[in-house]
Amino acid sequence: MLGKLIRYDLKSAMRSFGPLFLALLALSAVLGLFIRFNVSQDWLLTLVAVAYGVMSIVCWIIPIVILTMRFKRNLLGDEGYLSFSLPVSTLEHIVAKVISALIISVICAVAVIASFLIIGLLAASFDQLKQALQEISALFSRMTDQSFITQMLQVLAIMIFGSVEMITQLYAALAVGHLVKDHETLAAVGAFIGFSIILSTITNFLVLPSAVWVVCLFTVAVTAVYTCITWFILDRNLNLG
């Protein structure tokens with residue numbers, strides 16, 4: 001059932017995000033061609049470049065906004081009656097939302113990186129492309145080095161665990177805000193800021209080692225706390241009235 005929840009969330013989300021990603025890739029292609037063929041109209045090149053920059057930012061911000069709205073609507077709003085009538089535990093609902101948000105975040109990152117590559121490929125000359133391919137070939141040859149692979153895996157682990165922590169912090173803040181009916185949004189913002197201050201204070205007090213496994217373990221512990229807060233409110237204190 002967890003897989004079905006994730007597929008449903010992703011399908012619904014991509015209906016909103018899909019056009020944004022396509023628009024970003026289209027703008028990157030136009031910008032790359034404009035640069036490649038030295039478009040004489042500076043104002044037109046500037047307009048496309050600004051549009052591309054705005055779209056890049058939008059592709060990061062809009063998914064966060066939509067994911068936040070979906071969490072509130074599906075679990076904290078009127079749709080909560082239907083969601084919690086399904087044969088799924090509260091924890092499964094939370095995990096499905098977190099996994100869906102993480103996948104969407106990865107897709108956003110891939111779309112932005114792909115747009116950079118499109119601009120580079122279309123704007124570059126043949127000699128520049130040849131040089132870039134040589135550098136990429138050298139990079140792949142380095143990937144056989146055990147230390148390089150280890151470093152990449154460590155960076156990837158920190159990014160994934162950090163993203164999950166941020167997502168669960170956002171959902172916990174929304175759940176806390178739901179308890180304050182008259183000022184729900186303000187309370188959610190306050191809770192998010194409060195969580196950040198508390199976490200910063202704890203990390204400064206503990207003075208954790210910089211070892212990757214310690215960072216990841218601490219992040220997992222913080223994620224578990226946020227998840228427990230969200231679960232407790234949704235399972236024991238949820239008021240959809």
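**Charged pairs, rings and patches**

A: Arg236 counts as exposed, since its relative accessibility is 54%; here exposed means over 50% relative accessible area, buried means under 20%, and partly exposed lies in between, with a 1.4 Å probe and protein chains only. Its salt-bridge partner is Asp235, with 3.0 Å between the closest N and O atoms. A salt bridge is a side-chain nitrogen of Lys or Arg within 4 Å of a carboxyl oxygen of Asp or Glu. Asp235 is partly exposed at a relative accessible area of 34%.

This is a predicted model, in which local features need pLDDT of at least 70 and side-chain atom pairs count only at pLDDT 80 or more, while totals for chains, interfaces and linings use all residues. Residues are numbered from 1 along each chain as its sequence is written, and side-chain values use heavy atoms, with hydrogens and water left out.

The protein chain has eight helices and zero strands, where helices (H or I, at least four residues) and strands (E, at least two) are DSSP runs numbered from the N terminus. In sequence order the pattern reads α-α-α-α-α-α-α-α. Among the 241 residues of the protein chain, 33% count as buried.

There are three salt bridges in the structure. Side chains of opposite charge can pair when their charged atoms come close. Besides the pair of Arg236 and Asp235, Asp9 takes part in a network of salt bridges with Arg70 and Lys97. Between Arg70 and Asp9, the closest N and O atoms are 3.1 Å apart. This pair joins distant parts of the chain, with Arg70 in helix α2 and Asp9 in helix α1, 61 residues apart. Lys97 is buried, as is Asp9.

The aromatic side chains come next. The structure contains three aromatic pairs. One of them is Tyr52 with Phe116: the ring centres are 6.4 Å apart and the planes stand at 65 degrees, so the pair is edge-to-face. Tyr52 belongs to helix α2 (residues 42-76) and Phe116 to helix α4 (residues 90-123), and the pair links these distant parts of the chain across 64 residues. Tyr52 counts as buried at 7% relative accessibility, whereas Phe116 is partly exposed, with 49% relative accessible area. Another pair is Phe195 with Tyr226, which is tilted because the planes are at 55 degrees, with 5.3 Å between the ring centres. Phe195 sits in helix α7 (residues 184-206) and Tyr226 in helix α8 (residues 212-236); these distant parts of the chain are linked by the pair, whose residues are 31 residues apart. Phe195 and Tyr226 are both buried. Rings of Phe, Tyr and Trp (its six-membered ring) pair if their centres lie within 6.5 Å, and planes under 30 degrees apart count as stacked, over 60 as edge-to-face and the rest as tilted.

Phe116 has a further spatial relation, to Gly32: the two are 84 residues apart in sequence and 9.2 Å apart in space, C-alpha to C-alpha. Gly32 is placed in helix α1 and is buried at 0% relative accessibility.

Ile57, Trp60, Ile61, Val65 and Met69 make up a nonpolar patch, together having about 480 Å² of accessible area. Of these, Met69 lies in helix α2 and is partly exposed at a relative accessible area of 46%. Lys4, Arg7, Lys11 and Arg15 make up a positive patch. Lys11 lies in helix α1 (residues 2-36) and is exposed, its relative accessible area being 57%. Patches are made of residues with over 30% relative accessible area and no salt bridge, joining like charges within 9 Å and nonpolar side chains (Val, Leu, Ile, Met, Phe, Trp, Tyr) within 5 Å. Accessible areas come from the Shrake-Rupley method with a 1.4 Å probe, and for residues only the protein chains shown count as cover. Lys and Arg count as positive and Asp and Glu as negative, without His and the chain ends; a charge is placed at NZ of Lys, CZ of Arg, CG of Asp or CD of Glu.
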